[in-house]
Amino acid sequence: MLAKEIKYKLNSLIKEASTNEPNLARRLEEINRWVKDVKPGSLTAKKFVMHFLLQIIRDSQIWLDIVSSTEEERQLYYQRMTATERYWYGYLFPKWLKETDPKFYLWKQKLMAGEFYQTDAHVLKSIATDIVRREGTFWQCYVADLSMATDLIVSSKLELPLCIQITSLSDEFSQEKYDNWENTLQKWGIDKGLFLSSNPKKDLANRIVNIVLYNSDRITTGHYLKLSL
């Protein structure tokens with residue numbers, strides 16, 4: 001989708017949402033104000049901004065389909081989703097639309113300024129690929145990452161979603177980041193999570209997947225586990 005098409009689609013979604021989903025309309029209006037004065041050529045050059053906008057358009061279209069459905073249709077809609085998709089669209093995404101996001105303004109600025117770097121993108125891709133190979137599922141998006149301190153939402157065969165964050169900070173230096181992570185998860189009503197410190201110089205993807213899938217089934221409500229590799 002081209003930048004010009006994205007701008008048109010945002011306005012179209014705002015108009016649609018304004019009649020039956022005011023929380024979505026308000027959030028999309030905020031995003032539209034952020035990009036409306038950026039010329040299409042400049043917007044196209046900002047790849048992370050473009051990726052975020054495409055994610056928001058996808059999420060908005062799906063959410064509008066959900067809220068405009070009957071209760072029976074909605075249940076069927078959710079049944080066709082993976083466990084991680086249901087967790088996102090059935091809980092976290094509508095919560096993000098409804099509540100104030102104290103981090104949104106800051107990371108929007110960083111995205112637009114080109115100050116956002118996905119240094120661990122290859123590691124997360126490897127982990128996600130292996131999770132799917134083992135018949136688990138995952139969800140990954142900018143809002144979960146930057147607002148909710150969640151690199152991936154992961155679910156094993158038992159379909160119990162778990163929010164995880166992976167950091168390269170060694171265990172002895174990661175306590176402050178862990179505390180901020182736990183506070184963020186609690187703020188968003190995420191009732192369990194896994195914080196994993198790993199050495200970026202070692203190929204630990206396979207071990208990380210083992211740990212993530214194992215703990216997806218075993219971490220109970222109210223627990224935020226901190227592990228180090």
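Guide: One may begin with burial. This is a predicted model, and of the 229 residues of its protein chain, 47% count as buried.

Visitor: How many helices and strands are there in the protein chain?

Guide: The protein chain holds 11 helices and five strands. Its radius of gyration is 18 Å, close to the 17 Å that the globule rule gives for 229 residues, so the chain is as compact as a globular protein of that length. Taken along the principal axes, the C-alpha atoms fill a box of roughly 50 × 45 × 30 Å.

Visitor: Let us turn to single residues. Is Thr 84 buried or exposed?

Guide: Buried means under 20% relative accessible area. Thr 84 has a value of 0%, and therefore counts as buried. This residue lies in helix H6, which spans residues 83–98. Its side chain makes a polar contact of 3.2 Å with the side chain of Thr 82.

Visitor: Which residues does Thr 84 touch, not counting those up to four places away in sequence?

Guide: Thr 84 touches Thr 137, Phe 138 and Trp 139, and also Ile 153, Val 154 and Ser 155.

Visitor: Where is a positive phi found in a residue other than glycine?

Guide: Glu 135 is one case, with phi near 70 degrees. It sits in the loop between helix H8 (121–133) and strand S1 (137–139). At 56% relative accessibility, Glu 135 counts as exposed. Ala 149 also has a positive phi, of about 55 degrees, although it is not a glycine. Ala 149 belongs to the loop between helix H9 (142–148) and strand S2 (152–155), and at 7% relative accessibility it counts as buried.

Visitor: What separation do the C-alpha atoms of Arg 207 and Asn 32 show?

Guide: These two residues are 175 residues apart along the chain, and their C-alpha atoms are separated by 41 Å. Arg 207 is part of helix H11 (residues 205–218), and its relative accessibility of 48% makes it partly exposed.

How values were computed. Residues are numbered from 1 along each chain as its sequence is written. This is a predicted model: local features need pLDDT of at least 70, side-chain atom pairs count only at pLDDT 80 or more; totals for chains, interfaces and linings use all residues. Side-chain values use heavy atoms; hydrogens and water are left out. Helices (H or I, at least four residues) and strands (E, at least two) are DSSP runs, numbered from the N terminus. Buried means under 20% relative accessible area, exposed over 50%, partly exposed in between (1.4 Å probe, protein chains only). A polar contact is a pair of N or O atoms within 3.5 Å; within protein, one must be able to donate a hydrogen and the other to accept it, and residues adjacent in sequence count only if both atoms are side-chain atoms. Contact means heavy atoms within 4.5 Å. The radius of gyration is taken over C-alpha atoms; the globule rule is 2.2 Å times the number of residues to the power 0.38.
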